[in-house]
Amino acid sequence: MTIDLAPMEGLTDFTFRGVFNKYFGGIDRYYTPFISPTSTRYLTPRDYKEVSPETNTGMTLIPQLLTNNAEVFTNTCKELKEMGYTTVNLNLGCPSGTVTHKGKGAGFLKYPKQLREFLDYIYEHAVCDISIKTRIGTASLEEWDELLNIFKDFPISELIIHPRLLSDFYRGPVHMDAFRKAVDTLKCPVTYNGDITTVEKAEKFTEAYPDTARIMIGRGLIADPNLAAKLTGLETTDKKAIKKFTTELTEAYIEKFRDEKIAVNRMKSIWIYLSASFPGSEKALKQLKKSQNLVQYKSAVMQF
Ligand SMILES: Cc1cc2nc3c(=O)[nH]c(=O)nc-3n(C[C@H](O)[C@H](O)[C@H](O)COP(=O)(O)O)c2cc1C
């Protein structure tokens, strides 16, 4: 089984990836959170930093793009290819209103005709492998059949499926019937993503889907940074590694943002998940959420 870290905007930027990769093992591939190229500028200086091989050493990274403009997608792939990337991922899963109301991310799934035209163009003009990360529809489970009919017509290098509808956001049960249908229908490699938070859940999944060799994990890996190591039989690290990881990441964020408050807010978003590694830490988490500056943040972290 191979484990990928899911892209998470606001959490898994290059700073996070670099420090995480130093302390925790078992991740096969990392993804950038979505990059939104436009027709005036494919990649901003910030995007370049996000994908630069120099800021992502020692790991396999796949850049993810969020756009519904086929030419922009293709031209951005050309720039990424020049940087050495051989696979680019298309985001068809983002449920955020600011993205979906422009017909991007999971919002693109609402327009099957335009989606097919988009895929026609990008695969015809492909300069590298193109994988897709998708949800199974926008508001009804019945949308999935039509979407699968589209996906099966393209040389998708890998389809990563988060089997929820746009309207589900990240809540409620995952729709495993829809995932099953994809595994039975598609010829391309299929990766599962959604709610894998423990070794038991991953094992239950692999028993049910022995031919699906890849799992992408997001929140579960921040909650338990050793989860990938546990799943791949690597040596796990102890709580001291979590301490070193969070200390180094806080310092890296202070240097990156040159603003302690922004760094503290970033770290708070991480601790919301990471606190699961510290059973009985509800009080510490409450204190941490309230922290307004670095001193208060550090004092709250000591409680963990
Ligand atoms: C805060 C947050 C940010 C996310 N950002 C992205 C993103 O940039 N690109 C993407 O494809 N998915 C994004 N996702 C979705 C995750 O990649 C993943 O599909 C989702 O969390 C379900 O997997 P999990 O249950 O293992 O966390 C985001 C999820 C969260 C919670």
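## Close-up views of a predicted model

**View 1. Strands β2 and β3 lie side by side in parallel.** Strand β3 (residues 61-62) runs parallel to β2, and two bridges join the pair; two strands count as paired if DSSP finds at least two bridges between them. Within this pairing, Tyr30 stands opposite Leu61 in β3. Together with helix α2 (residues 45-51), β2 and β3 make a right-handed β-α-β unit. Helices (H or I, at least four residues) and strands (E, at least two) are DSSP runs, numbered from the N terminus, and a crossover is called right-handed if, with the strands pointing away from the viewer, the path from the first strand over the helix to the second runs clockwise. The model is predicted, so local features need pLDDT of at least 70 and side-chain atom pairs count only at pLDDT 80 or more, while totals for chains, interfaces and linings use all residues. Residues are numbered from 1 along each chain as its sequence is written.

**View 2. Strand β1 joins β2 in parallel.** Strand β1 (residues 2-5) and strand β2 (residues 27-31) run parallel and are joined by three bridges, with Asp4 standing opposite Arg29 in β2.

View 3. Strand β7 (residues 159-161) pairs in the parallel sense with strand β8 (residues 190-193) over three bridges, and the bridge partner of Ile161 in β8 is Tyr192. From β7 the chain crosses through helix α7 (residues 176-185) to β8 in a right-handed β-α-β crossover. Strand β9 (residues 214-217) also pairs with β8 in the parallel sense, over three bridges, and here Tyr192 has Ile215 as its bridge partner in β9.

**View 4. Domain 1 and domain 2 are in contact.** The protein chain is divided into domain 1 (2-231) and domain 2 (239-303), with bounds that come from an automatic or database domain assignment. Twelve residues of domain 1 are in contact with 15 residues of domain 2, where contact means that the C-beta atoms, placed from the backbone, lie within 7 Å. On the side of domain 1 that touches domain 2, α1 gives the most, with five residues.

**View 5. Residues surround the ligand.** The ligand is surrounded by 23 residues, of which the closest are Ala6, Glu9, Pro33, Gly218 and Arg219; a residue is near a molecule if its C-beta atom, placed from the backbone, lies within 6 Å of it.

Key
Two residues are in contact if their C-beta atoms, placed from the backbone, lie within 7 Å.
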